[in-house]
Amino acid sequence: MVYLTRRAEFSASHYYHNPKLTPEENKRLFGKCNNPHGHGHNYTLEVTVRGPVDTRSGFVMDLVELKEVLNREVLDAMDHRFLNQEVPEFRNRIPTTENLAIVIWQRLEPKLKVAELHRVRVYETSDLFVDYYGEL
Amino acid sequence: MKAHLTRRYRFSASYRLHSPAISYATNRRVYGKCNNLYGHGHNYALEVTVGGQVDARTGMVCDLVALDEFVSREVLGRFGHENLNRLAAFQNMVPTTENLCTEIYRLLERGFRAATLEKVRLEETMMNSFEYYGPQAAKGVASRE
């Protein structure tokens with residue numbers, strides 16, 4: 001089994017707000033991140049897939065294909081977007097780094113046929129990142 | 001759904017590696033330049049990983065403000081700009097980065113309640129880093145890779 005990681009970068013804006021809570025509770029829980037006009041980050045995404053090395057190609061999976069899936073499923077949908085408004089999963093889910101990692105996993109996992117998705121890592125900044133391994 | 005969050009911090013400290021249990025010559029041989037009588041220092045980078053279910057109310061694994069406050073008080077406040085050899089924790093323990101890493105794990109495990117601690121990773125320099133998953137972590141459990 002060999003693990004292959006592909007890195008991508010995207011920039012997006014978001015804000016944290018739970019409509020079930022009062023404005024005061026939202027402010028207390030989310031602080032500056034509760035500003036409804038949003039704020040932004042340069043996200044770094046690392047996607048790790050795993051599988052046996054194909055004897056014919058020497059690949060775990062074709063990197064071009066992985067890049068295409070990443071572009072189509074993640075970057076086209078999220079790069080230079082306001083996550084709360086423009087990514088359907090975040091209409092009813094707060095776009096925290098945790099949920100971003102989960103949503104990216106849910107978008108990629110069904111599209112990967114050759115290799116198995118192992119980990120999605122999302123850096124919100126260089127000092128904060130979340131790993132999701134598909135655990136329930 | 002279970003996710004794992006890692007937060008990175010920095011602090012600087014000085015120390016000397018010297019064990020009173022062995023001779024001066026052996027100390028010199030084992031610890032080399034790190035045995036220098038007057039000590040030396042590093043800019044450490046600390047990574048704290050916590051894990052747990054993503055809270056449906058907040059979308060988070062852990063209250064980041066609580067984590068930052070705890071680490072700032074109990075770790076950065078305790079070790080930042082200190083001479084490690086002078087601290088109580090290292091009176092009977094050589095302040096290698098391995099021992100500092102497990103000591104930081106113990107401090108977090110003992111006092112931090114807002115999420116489950118999974119790993120402490122400590123970079124001594126860009127070239128050396130150490131990871132500790134706690135005393136119960138069996139070989140192979142530690143890493144998902």
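Residues are numbered from 1 along each chain as its sequence is written, and chains are lettered from A in the order in which they are written. Because the model is predicted, local features need pLDDT of at least 70 and side-chain atom pairs count only at pLDDT 80 or more, while totals for chains, interfaces and linings use all residues.

**Confidence and overall form of chain B**

The model scores ipTM 0.92 and pTM 0.93.

Chain B contains three helices and five strands, where helices (H or I, at least four residues) and strands (E, at least two) are DSSP runs numbered from the N terminus. Their order along the sequence is β-α-β-α-β-α-β-β. Taken along the principal axes, the C-alpha atoms of chain B fill a box of roughly 60 × 30 × 25 Å. Of its 145 residues, 23% count as buried; a residue is buried if 20 or more other C-beta atoms, placed from the backbone, lie within 10 Å of its own. Among the contacts in chain B with a separation of 6 or more, 68% come from residues 24 or more positions apart. Two residues are in contact if their C-beta atoms, placed from the backbone, lie within 7 Å.

**Strand pairing**

Two strands pair if DSSP finds at least two bridges between them.

| Strands | Bridges |
|---|---|
| β1(B), residues 2-15, and β2(B), residues 40-53 | 14 bridges |
| β2(B) and β4(B), residues 116-123 | seven bridges |
| β1(A), residues 2-14, and β2(A), residues 39-51 | 13 bridges |
| β2(A) and β4(A), residues 116-125 | seven bridges |
| β5(A) and β1(B), residues 2-15 | four bridges |

Individual partners locate these pairings. In chain B, B:Ala13 has B:His42 of β2(B) as its bridge partner, and B:Val48 stands opposite B:Val120 in β4(B). In chain A, A:Ser11 stands opposite A:Asn42 in β2(A), and A:Val47 stands opposite A:Val120 in β4(A).

**Helix α2 of chain B**

Helix α2(B) covers residues 64-79. Its 16 residues reach 21 Å from the first C-alpha to the last, close to the 22 Å expected at 1.5 Å a residue; the expected span is 1.5 Å times one less than the number of residues. A kink of about 40 degrees is centred on B:Ser72, the bend at a residue being the angle between axes fitted to the seven residues ending there and the seven starting there.

The residues B:Leu67, B:Val71, B:Val75 and B:Phe79 of α2(B) are buried. An α-helix has 3.6 residues a turn, so residues three or four places apart point the same way. The cover over the buried residues of α2(B) includes β1, β2, β3 (82-83) and α3 (97-111) of chain B. Just after the helix, B:His81 takes a positive phi of about 55 degrees.

**Contact between the chains**

In the interface, 20 residues of chain A are in contact with 16 residues of chain B. On the chain A side, the elements giving two or more residues are α4 (97-108) and β5 (128-132), and β5(A) gives the most, with five residues. By class, this side has twelve nonpolar, three polar and five charged residues. Here Ala, Val, Leu, Ile, Met, Phe, Trp, Tyr, Cys and Pro count as nonpolar, Asp, Glu, Lys and Arg as charged, and the others, Gly among them, as polar. Within the antiparallel pairing of β5(A) with β1(B), A:Val130 has B:Leu5 as its bridge partner.

Definitions and conventions:
A residue is buried if 20 or more other C-beta atoms lie within 10 Å of its own, exposed if 12 or fewer, and partly exposed in between; C-beta atoms are placed from the backbone.
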